[in-house]
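Here is a short briefing on one protein model.

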Amino acid sequence: MSAPLVLALDAMGGDFAPKMVVKSIKIARKRYPNVHYLLFGDEAKIRPLLKKKLRPYCTIRHTPDAVTNDDKPSQAVRQGRNSSMWLAIKAVKDGEAAGVVSAGNTGALMAMAKLILRTLPGVTRPAIATLLPTIRGESVMLDLGANAECDANNLVEFAIMGEVFARSLLGLERPTVGLLNIGSEDLKGTDTLRLASQMLRDNAPETMDFKGFVEGNDIGAGAVDVVVTDGFTGNVALKTAEGTAKLYSTFLKSAFEASFLAKIGYLLAKGAMDRVKKRTDPRRYNGAMFIGLNGICVKSHGGTDHVGFANAIGVAVDLVSNELNAKIKEECHHLGERVQQRQAASAEVISAPEAVAGSEISSGALPPSGAAQAL
């Protein structure tokens, strides 16, 4: 039997921790029997919750402190070196665990993970990526809040990482990728978006099918497998989608409660309604990846229950099993090579005597501040 995959769990992170975290292991054990868990947190609170059947698959690491939802990231980094969150991440850095899962403070988790794990070679900024339900199935979206402002190089990196993420989690051979914009036309959007689009058209890997720009309504339609944007726009889009879903759910509930006939209609439609509820259940899509770090770090929603946290554990298992980070490093390396080759070819053409005055020759080349400098 192969050696177990070890995951570090921040047992004190989340609104319902540690009970929620411990209960999630029971579900995860059925799906992933070859996983051992390092539980970081208050042993006095964790041990009574750990059933006898689960104890052989869990190791408790007592930590005196825990990061709260009110802690600022800078405060958590300075004062949380003995916290469950910090030590769970450090277990990945030290090679004790293959990945970490936490439902704790998002800002603190990102700050700690960046400081402890650092970024992968060729990646300047990590991003938050997750799966979203669409008409066609599921799509990947990033960044969802890690980087409020991004340049073209960052967006290119996000596209590369998102494409690898889609191949790893969705099993797609050649994911379609789009940049989120205010229109699909090539002239729409900011200079940053247009430059990123040109970079991807010129240098996208063969495993990526770059479709150009997509709009907000294309996200739910599943127009592309990977939606790429900056963290500010991505977070607004995600929260808007969540709010709209809650709005329609409230409207629907009110409509079915409006009259006796409406209640009968609900009973007749209950089977279909249950299927819709199951497909759109946020717990199914719980588990956002801090992608681009030199280690697997999965963020669970702070208000999730044990079912949602078990799904976040599943995301970590899948990413480790599919060697996500190794694939990202490989793609970033190849991208850097393609950019350098293109720049070298452009330089040779421009240096030729007959091309000295031909400014149109360089119009398709990357500018000096392009992805080659970052990668």
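Lys90 and Asp94 pair through their side chains in a salt bridge, at 2.8 Å from N to O. A salt bridge here is a side-chain nitrogen of Lys or Arg within 4 Å of a carboxyl oxygen of Asp or Glu. The model is predicted: local features need pLDDT of at least 70, side-chain atom pairs count only at pLDDT 80 or more, and totals for chains, interfaces and linings use all residues. Residues are numbered from 1 along each chain as its sequence is written, and side-chain values use heavy atoms, with hydrogens and water left out.

**Salt bridges**
- The count comes to 12 salt bridges.
- Lys90 is partly exposed at 33% relative accessibility, and Asp94 is partly exposed at 44%. (Buried means under 20% relative accessible area, exposed over 50%, partly exposed in between, with a 1.4 Å probe and protein chains only.)
- Arg136 bridges to Asp225, with the closest N and O atoms 3.7 Å apart. Arg136 sits in the loop between β5 and β6 and Asp225 in the loop between α8 (216-221) and β9 (226-228), so this pair ties together parts 89 residues apart in sequence. Arg136 is exposed at 55%, whereas Asp225 is buried at 10%.
- Asp191 bridges to Arg194, with the closest N and O atoms 2.2 Å apart. Both belong to helix α7 (residues 191-203), three residues apart, about one turn of the helix. Asp191 is exposed at 58%; Arg194 is partly exposed at 29%.

**Buried parts**
- Helix α4 (residues 84-93) is mostly covered, with seven of its 10 residues buried. (Helices, H or I with at least four residues, and strands, E with at least two, are DSSP runs numbered from the N terminus.)
- Among the buried residues of α4 are Trp86, Ile89 and Val92. Their cover includes β1 (5-10), β2 (35-41), α3 (73-79), β4 (99-102), α5 (106-117) and β11 (296-299).
- Phe290 belongs to strand β10 (residues 288-291). Phe290 is buried, at 0% relative accessible area.
- Leaving out residues up to four places away in sequence, Phe290 touches Thr106, Leu109, Met110, Ala113, Ala127, Ile128, Cys297 and Lys299. (Contact means heavy atoms within 4.5 Å.)

**Surface patches**
- Patches use residues with over 30% relative accessible area and no salt bridge; like charges are joined within 9 Å, nonpolar side chains (Val, Leu, Ile, Met, Phe, Trp, Tyr) within 5 Å.
- A patch of positive charge gathers Lys19, Lys23, Lys26, Lys30, Lys51, Lys52, Lys53 and Arg55. Lys19 lies in helix α1 (residues 19-31) and is exposed at 51%.
- Phe260, Leu261, Ile264 and Leu268 make a nonpolar surface patch with about 500 Å² of accessible area together. (Areas come from the Shrake-Rupley method with a 1.4 Å probe; for residues, only the protein chains shown count as cover.) Ile264, in helix α10 (residues 260-279), is partly exposed at 34%.

**Backbone geometry**
- Ala17 and Pro18 are joined by a cis peptide bond, with omega about 0°. Pro18 is in the loop between β1 and α1.
- The peptide bond from Leu142 to Asp143 is also cis, with omega near 0°. Asp143 is in the loop between β6 (138-142) and α6 (152-170).
- Arg118 is not a glycine, yet has a positive phi of about 65°.
- Glu323, also not a glycine, has a positive phi of about 50°. Glu323 is exposed, at 55% relative accessible area.

Notes. Lys, Arg positive; Asp, Glu negative; His and termini not counted. Charge placed at Lys NZ, Arg CZ, Asp CG, Glu CD.
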